[in-house]
Amino acid sequence: MTSAQSKNGDFIGDEHLCLATLNDYDAVMAIDRNVYSGLDYLPSSYTAIVQNRGTSAFVYRKGKRVVS
């Protein structure tokens, strides 16, 4: 997990950029269920994207909540 850090390496606040996992699926889908009038590719391809060793997928967390 990475996060904004001060000069001494301490974490700043509760915001973190993290590698996406399969466990994040519901939280990612909940961000906006009506993207592209229901024609969004992400619900059907999320698993393949996250499991692809050649791809890095990230989520942005504020506290424990996925916000992006």
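A residue counts as exposed when its relative accessible area is over 50%, and as buried when that value is under 20%. Keep these two limits in mind while touring this structure, which is a predicted model.

Begin by selecting Leu19, which you will find in strand E2; its relative accessibility is 54%, and therefore Leu19 counts as exposed. Now widen the selection to Leu17, Leu19, Phe58, Tyr60 and Val67, which together make a nonpolar surface patch of about 430 Å². Two elements, strand E2 (11-19) and strand E3 (58-62), each give two or more residues to this patch.

Next, turn to the salt bridges, of which the structure holds 2. For one of them, select Glu15 and Lys62, whose side chains meet with a nitrogen-to-oxygen distance of 3.6 Å. Because Glu15 lies in strand E2 and Lys62 in strand E3, this pair ties together parts that are 47 residues apart in sequence. Colouring by accessibility would show Glu15 as partly exposed, at 31% relative accessibility, and Lys62 as partly exposed too, at 44%.

For the last stop, select Arg61 and Asp24, which form a salt bridge whose closest N and O atoms are 2.4 Å apart. This pair links distant parts of the chain, since Arg61 belongs to strand E3 while Asp24 sits in the loop between E2 and helix H1 (25-30), 37 residues away. Are Arg61 and Asp24 buried or exposed? Both residues are buried, which means that each has a relative accessible area under 20%.

Key: Residues numbered from 1 in each chain as written. Predicted model: local features only at pLDDT ≥ 70, side-chain atom pairs only at ≥ 80, totals over all residues. Heavy atoms only, no water. Patch = residues over 30% accessible without salt bridge, like charges linked within 9 Å, V, L, I, M, F, W, Y side chains within 5 Å. Areas by Shrake-Rupley, 256 points an atom, 1.4 Å probe, with all protein chains shown as cover. Salt bridge = Lys/Arg side-chain N within 4 Å of Asp/Glu carboxyl O. Helix = DSSP H or I, 4+ residues; strand = E, 2+ residues; numbered from the N terminus. Buried < 20%, exposed > 50% of the residue type's maximum accessible area, 1.4 Å probe, protein only.
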